[in-house]
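Here is a guided walk through one protein model. Keep the coordinates open as you read.

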Amino acid sequence: MRAKSGRIEIKTPAQIVKMRRAGLIVAQIHEALREATVPGVTTEELDKVSADVIARNNAHSNFLGYGGFPATVCISVNDQVVHGIPGKQILEKGDLVSFDCGAYILDEHGKQWHGDAAFSMIVGGDAYGHPDDLALIATTQAALWNAIAALGQGDHIGVVGDAVEAVVAQDAISNGWAAGIVEEFVGHGIGTSMHQAPDVLNYSVRGKSRKLKTGMVLAVEPILVRGSGLVRELSDGWTVVTQDKTNAAHCEHTVAILPGGVWVLTAFDGGRDGLAAFGMSPRAVAQRG
Ligand code: MG
Ligand code: MG
């Protein structure tokens, strides 16, 4: 999303538990999309897969109708960066496809609690992926987890941008090319609405950022491209593509800031596997009954 300003919503432990319920539904959507994404499927068939998971959980889509968006999931293929609209497009073996979707639940007071997450994959399996696409996805995933780990140890929101830049720089050596960071789209606070303050930038601001506090929940979402990072919007008013026609990847989780660490609300395991590489384990709010 684009920049957002205003007050940061601090959540109570009980509210974070509600957001975990939404996050687990988003994790289910991702699992169903991964399974259904096979060569020959259309992107509108995959939107149906997402909508079905939301309905089965008595949850609601926070994408459908957002600013008029016509589907429950953004599906962006190859040089499409974000906000691709599901339709008649047929996915082919070797396509690099990114899914960005979410859900919210309603609590007993009628308040919405949102989850938002994204992932990229190769249609038909990694064996069919172009080596640069595989490297781009791996770098984007690594950037996401480096940023999440940094939130677990850092004291200000700017650690996210520093962490993304560090992975891009390191992988540039092994890949032989540097991924471009799409600066136009940023992560965000999330809670009773999907997009809230603060902005969570994917590039370094050299220390000028707000302090992290227990009870913040942030959507962390690096968007990286094989080329320059410059993008443009198509005439459909949604789909964003790279100007240089190189491919893009997008990885996102909704992350709660807790005492002593983070809880990755949109990962089934709360972030256990992703954080293990950093010698960290997720925190969680104890859930009763
Ligand atoms: Mg998202
Ligand atoms: Mg988001």
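Start at D132, which is partly exposed at a relative accessible area of 23%. The classes are simple: buried means under 20% relative accessible area, exposed over 50%, and partly exposed in between, with a 1.4 Å probe and protein chains only. D132 forms a salt bridge with R226, and the closest N and O atoms are 2.9 Å apart. D132 sits in helix α3, whereas R226 is in the loop between β9 (223-225) and β10 (231-233), so the pair ties together parts that are 94 residues apart in sequence. R226 also counts as partly exposed, at 28% relative accessibility. A salt bridge here is a side-chain nitrogen of Lys or Arg within 4 Å of a carboxyl oxygen of Asp or Glu. Helices (H or I, at least four residues) and strands (E, at least two) are DSSP runs, numbered from the N terminus.

Some ground rules come next. This is a predicted model, in which local features need pLDDT of at least 70 and side-chain atom pairs count only at pLDDT 80 or more, while totals for chains, interfaces and linings use all residues. Residues are numbered from 1 along each chain as its sequence is written, chains are lettered from A and ligands numbered from 1 in the order in which they are written, and side-chain values use heavy atoms, with hydrogens and water left out.

Back to the charged pairs. The salt-bridge count comes to eight. One of them joins K18 and D107, with the closest N and O atoms 3.1 Å apart. This pair links distant parts of the chain: K18 is in helix α1 (residues 13-36), D107 is in the loop between β3 and β4, and 89 residues separate them. Both K18 and D107 are buried. A network of salt bridges links K18, D107 and E108. E9 and K11 also meet through their side chains, at 3.2 Å from N to O. K11 is buried, with a relative accessible area of 5%.

Now turn to the sheet. Three strands form an open sheet in the order β1-β3-β4, with antiparallel pairing. Two strands pair if DSSP finds at least two bridges between them. The edge strands are β1 (73-77) and β4, each pairing on one side only. From one strand to the next, the twist averages 10 degrees. Strand β3 (residues 96-106) pairs with β4 over eleven bridges. Y104 stands opposite H114 in β4.

Two helices lie across these strands. Helix α2 (residues 43-56) lies across β1 and β3, at about 150 degrees to β1. Helix α3 (residues 131-153) lies across β3 and β4, at about 150 degrees to β4. Contact means heavy atoms within 4.5 Å. Axes are lines fitted to C-alpha atoms, for helices over the stretch in contact, and angles run from 0 to 180 degrees between N-to-C directions.

Finish at the metal. Which residues coordinate the magnesium ion (ligand 2)? They are D116 (OD), H188 (NE2), E221 (OE) and E252 (OE), at 2.1 to 2.2 Å. Donors are N, O and S atoms within 2.8 Å of the metal (3.2 Å for Na, K and Ca); water is not among the atoms, so sites may look incomplete. The donor residues follow the spacing D-x71-H-x32-E-x30-E. D116 bridges this ion and the magnesium ion (ligand 1), and the two ions lie 3.1 Å apart. D116 lies in strand β4 (residues 112-122) and E252 in the loop between β12 (248-250) and β13 (253-258), so the pair ties together parts that are 136 residues apart in sequence. D116 is buried at 2% relative accessible area, and E252 is buried at 0%.
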